[in-house]
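I opened my notebook to look up a few things in this structure. Here is what I found, entry by entry.

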Amino acid sequence: MTTPLRLGIAGLGTVGAGVVKIVQRKADLLARRAGRPIAITAVSARNRDKERGIRLGDYAWEDDPVALARRDDVDVFVELMGGADGPAKAAAEAAIAAGRDVVTANKAMLAHHGQDLALAAEKAGAVLRFEAAVAGGIPVVKALTEGLAGNEVTRVMGVMNGTCNYILTRMEHAHLPYEDIFEEARKLGYLEADPTLDVGGIDAGHKLALLASVAFGAQVDFAGVALEGIERISIADIEQARDMGYRIKLLGVAQMTGRGLVQRMSPCLVPADSPLGQLEGGTNMVVLEGDPVGQIVLRGAGAGEGPTASAVMADVMDIARGTRLSTFGQPASALAQATPAVSSVPAAFYLRMELQDKPGALAKIATVLGEVGVSIDRMRQYQHTEATAPVLIVTHKTRREALDQALAGMDATGVLEGHPVAIRIEDV
Ligand code: HSE
């Protein structure tokens, strides 16, 4: 029998337990495909006594993940602890220094330290891979690195936080405000321990930065992602956008332009009948565009035990088969430093405002838009309350800078109650 590939797994939460189950339950299939057995030799977690519903008795136990990473009987260190710094990073560094290959699901660690870790791995002759860090079960890193290796990638888009998509679609179907559905998501256990990671767009921003690096051959630049969360999306916006033929998604967009790399994770309107517009609940979707392939749409579970463990195993199987890919699809030493775009790509915008019921009020708003060169494509005024009427405007394509000028000008007219809401409409 050929030599087994020996795994040391640090972190036995949902994903870690899922990996153990695959290795135990699909041993024959994995061995046939890899041409060698996949074995677990050692594991590590915070609590040894916790009941996990998996057999761990055959494996050595390490309290310290760094010690696990350095063990001589471990070929691949599988890091499933999470956290940008702390034990996860210390253990990944120790594994690389000891010449071990590393497979991780840790988007935060790679978004912040991916370049340094990839360089260290390259120097040590080790592999560092992260399929499970982006969009759970969707093999999008492999799609970009391998399947689309012959393409110039022109744009990457995605709904990559299932919790946010659950909240937005559930608000729409239940006709309930953000706060109520946020609470529901918390009770269902959908939110990260720090919910800002989800609803603030940070978790999805980490994923976008990793994909942008692979897609555009640039060093990971999480600081260059323009982030906006879903906390301020109202039920009125969801329902009125729908009425205009759109749905609101927390959408990531990465695009290389003549002005630099655009990386944006923010609420956007997308056509309701587009694949992204039809995405329901906690599912993820990634849209890849390349020359010459055109557009590819990948859809699947973005989190959970089975899907995420499936992605971890994709990287493990590569290593077992002797496939040694660079972390970001090309040598880390050859990745260019990302230059963030100085201005945004023009887009149409959805505007919603509460207009006072006075003669000439609407004319004042239209004048402000005209003065900064923003042209109106469509407009709708809804039924009045006692003193105000909701007005929706869809603009023609314009630059965000011009729109911001218009928003300031609208505030100054004195004919609005509160501030206007502006949401980008993405061409998908
Ligand atoms: N919290 C994430 C989500 C999964 O809701 O998609 C982990 O990245």
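**Entry 1: a covered helix.** I began with H7 in this predicted model and found the helix mostly covered, with 10 of its 13 residues buried. I wrote down the buried ones: Gly-162, Thr-163, Cys-164, Asn-165, Tyr-166, Ile-167, Leu-168, Thr-169, Met-171 and Glu-172.

Entry 2: I checked the span of H7, which covers residues 162–174, and got 18 Å from first C-alpha to last, close to the expected 18 Å. At the start of the helix, I saw that a side-chain oxygen of Asn-161 comes within 3.2 Å of the backbone nitrogen of Thr-163. After H7 comes His-175, and I noted its positive phi, near 55°.

**Entry 3: domains.** I looked up the domain assignment, which gives domain 1 (5–133), domain 2 (142–303) and domain 3 (348–425). For domain 1 and domain 3, I found the C-alpha centres 53 Å apart.

**Entry 4: salt bridges.** How many salt bridges are there? I have 25 in my notes, and I picked out a few.

Lys-21 and Glu-305 meet through their side chains, at 2.9 Å from N to O. This pair links distant parts of the chain, with Lys-21 in helix H1 (residues 14–25) and Glu-305 in helix H12 (residues 305–321), 284 residues apart. Is Lys-21 buried or exposed? Lys-21 is buried, because its relative accessible area is 18% and the cut-off is under 20%. Glu-305, at 28%, counts as partly exposed.

Next I took Glu-426 and Arg-155, whose closest N and O atoms are 3.6 Å apart in their salt bridge. Here too distant parts of the chain are linked: Glu-426 sits in the segment after strand S16 (416–425) and Arg-155 in strand S7, 271 residues apart. I found Glu-426 buried at 5% relative accessible area, and Arg-155 buried at 11%.

My last pair was Arg-186 and Glu-183, a salt bridge with its closest N and O atoms 3.5 Å apart. Both lie in helix H8, 3 residues apart, about one turn of the helix. I noted Arg-186 as partly exposed at 44%, and Glu-183 as partly exposed at 33%.

To finish, I traced a network: salt bridges with shared partners join Arg-155, Arg-264, Glu-289, Arg-424 and Glu-426.

How values were computed: Residues numbered from 1 in each chain as written. Predicted model: local features only at pLDDT ≥ 70, side-chain atom pairs only at ≥ 80, totals over all residues. Heavy atoms only, no water. Helix = DSSP H or I, 4+ residues; strand = E, 2+ residues; numbered from the N terminus. Expected span 1.5 Å × (residues − 1). Buried < 20%, exposed > 50% of the residue type's maximum accessible area, 1.4 Å probe, protein only. Polar contact = N/O pair within 3.5 Å; in protein donor to acceptor, adjacent residues only side chain to side chain. Domains from an automatic or database assignment. Salt bridge = Lys/Arg side-chain N within 4 Å of Asp/Glu carboxyl O.
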